[in-house]
Amino acid sequence: MKLLFASAEIYPYAKTGGLADVAQALPRALAKSIEVLSVMPLYDFIDRTHFGISSLDQFMWVKLGKNYYKIALYQGYNQGVETLFLYEPLLCCYQAPYGNEHGDYPNNDLRFGIFSKALVTLSQLYAVDLLHLNDWHTALAALWSREINPKLHTVFTIHNLAFQGIYPQTTMKILGLDSSYFKPDEIEYWGDINYMKAGIAYSDAVTTVSPRYAREILQPHFGCGLDGFLRVYQHKLYGILNGIDTLLFNPKSDLTITQNYHSGTLKYKKINKYTFCKKSGLEYAKRALFIFIGRFTGQKGVDIIIQTLPKLLNMELNIAILGEGDPTMAEKMLDIAREYPNLSVLFGYDESLSHNMYASADFLLMPSSFEPCGLNQLISLRYGTLPIVHRVGGLYDTIIDIDDLSSSICGRGIAIETLEPDSLTRAVERALILYKSSNDFTLKAQHNMHCDVSFDKSAEEYLDIYYSLD
């Protein structure tokens, strides 16, 4: 079997969130069993001199509406996986994949229409058996594959249903889509066109990134307006839990952290914490260190964190926050940091710094209001950092409360059942009690470090779906 795995971002070339990590790690796991080609746009912020022209040594043309778009093919390898890069000026001309401080780029509908149409052409050029699509940026490829290459099987993965690719009806003409598709049971959505609906309707199988999330999105609270539509296609909906790249996230060999360690030398983790606290201006490095890494949005529970910070910062702890997103949320946290010397807030994102934070911290704050899977909690297990989570979506599938001895879930942490400021405050208080019981804390951290958070089991489940479509 030959697979084309398509994503708008792949680590380390482009990353705005967990999609990039998955698009790097899952193909590598799949490549142990089948032939895999990964593909993404070659954005202008990527140095294309690192890649060679594709072995096809040709340009590829795609037609959308009345216009033709000329696409150059580049080729490279990402941890042994052959990776194709598509360069087309409109698709690739920006310095970030989707938008900037002013919002999403206004021509994203055309940009990712070009990318999606090119995927179908590419699948023919490379004679692949199956096309694996990821999120709305690739979703229209499922529709066009039905038109152009109906023998091609497609799998569509929903990484976050909240982002659907919704555009005005006029986009239909820009993309050259037949008006027959513009119906509520296909891609029409309250008078607009919805790219995500195309992926759901026209793919042979639809997956989400955790079993719990696959069930949640069938309900109005988590369905983002598509719960009824998803229930129609429930027969082809599967939940497969994400993993992480255990070579990249490994405190024993991680070159970005101050001091390497493993479960048997967990005491060396303190060296990382002392170094990090000194660089971050956090006093009293012997205190428990809590971190948050992620987007500044309500989805990630940042609003709850902001409400609880004044109370938490009066406890004997340090908190370090790293992320980007809502500037208003960032400014509120920076204002609080000016009053409390035990809070560090950095606006932006730095991959090496995030590794250092995992390697330094005692606890990870992850009070998400919803979480399709979540990778941060899996990384925290790997680094012996205990997660504090709201048990929804993938957090429900991966983390069980330290006091619950009945579950077979490997990851142990402090679970919040109801998301509100008082619940998070009580969770942190429990964490501090555990921290003071140093032997118990160490045993739980060591247990978590031995949990299997790789993509191997997930890859097997994807392979089962792939072969079932033959």
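# Close-up views of a predicted model

**View 1. Strands S16 and S17 pair side by side.** S16 and strand S17 (residues 317-325) are joined by 9 bridges and pair in the parallel sense. One of the partners can be named: Phe 296 has Gly 325 in S17 as its bridge partner. The structure shown here and in the other views is a predicted model.

**View 2. The sheet of 7 strands is open.** Its strands follow the order S18-S17-S16-S19-S20-S22-S21, with parallel pairing. Strand S18 (343-347) and S21 are the edge strands, and each of them pairs on one side only. On average, neighbouring strands of this sheet are turned by 30 degrees against each other, direction ignored.

**View 3. Helices H10 and H12 lie across strands of the sheet.** H10 lies across S16, S17 and S18, and runs at about 65 degrees to S16. Helix H12 (residues 327-339) also lies across S16, S17 and S18. The angle given for H12 is taken to S18 and is about 150 degrees.

**View 4. Strand S20 is mostly covered.** Of the 5 residues in strand S20 (residues 386-390), 5 are buried. In a regular strand, side chains alternate between the two faces of the sheet. In S20, Leu 386, Ile 388 and His 390 point one way, while Pro 387 and Val 389 point the other way. Residues on both sides of S20 are buried.

View 5. S19 and S20 run parallel and are joined by 4 bridges. Across this pairing, Leu 365 has Ile 388 in S20 as its bridge partner. The chain passes from S19 through H14 to S20, making a β-α-β crossover that is right-handed. S20 and S22 also run parallel, with 3 bridges between them. Here His 390 stands opposite Ile 416 in S22.

**View 6. A salt bridge joins Arg 28 and Asp 245.** The side chains of these two residues meet at 2.7 Å, N to O. Arg 28 belongs to helix H1 (residues 18-30), whereas Asp 245 is in the loop between strand S15 (237-239) and helix H10 (269-280). The pair links distant parts of the chain, 217 residues apart. Arg 28 is buried, with a relative accessible area of 19%. Asp 245 is buried too, at a relative accessible area of 3%. A search of the whole structure finds 17 salt bridges.

View 7. Glu 371 is buried, with a relative accessible area of 4%. Lys 300 is likewise buried, and its relative accessible area is 15%.

View 8. The closest N and O atoms of the pair are 2.9 Å apart. Both residues are in helix H18 (residues 456-468), and because they are 4 residues apart they are separated by about one helical turn. Glu 461 is partly exposed, with a relative accessible area of 27%. Lys 457 counts as exposed, at 56% relative accessibility. Elsewhere, salt bridges that share partners join Lys 15, Asp 21 and Glu 351 into one network.

**View 9. A disulfide joins Cys 410 to Cys 451.** The S to S distance is 2.0 Å, and a search of the whole structure finds 1 disulfide. The torsion about its S-S bond is about -90 degrees, so the disulfide is left-handed. Cys 410 is in the loop between strand S21 (399-401) and strand S22 (411-416), and Cys 451 is in the loop between helix H17 (438-449) and H18. The two cysteines are 41 residues apart, and the pair links distant parts of the chain. Cys 410 is partly exposed, with a relative accessible area of 30%, whereas Cys 451 is buried at 7%.

View 10. Cys 93 is partly exposed, with a relative accessible area of 36%. Cys 373 is buried, with a relative accessible area of 2%.

Definitions and conventions. Residues are numbered from 1 along each chain as its sequence is written. This is a predicted model: local features need pLDDT of at least 70, side-chain atom pairs count only at pLDDT 80 or more; totals for chains, interfaces and linings use all residues. Side-chain values use heavy atoms; hydrogens and water are left out. A salt bridge is a side-chain nitrogen of Lys or Arg within 4 Å of a carboxyl oxygen of Asp or Glu. Buried means under 20% relative accessible area, exposed over 50%, partly exposed in between (1.4 Å probe, protein chains only). A disulfide is a pair of cysteine sulfur atoms within 2.5 Å. Two strands pair if DSSP finds at least two bridges between them. A crossover is right-handed if, with the strands pointing away from the viewer, the path from the first strand over the helix to the second runs clockwise. Axes are lines fitted to C-alpha atoms, for helices over the stretch in contact, and angles run from 0 to 180 degrees between N-to-C directions. Contact means heavy atoms within 4.5 Å.
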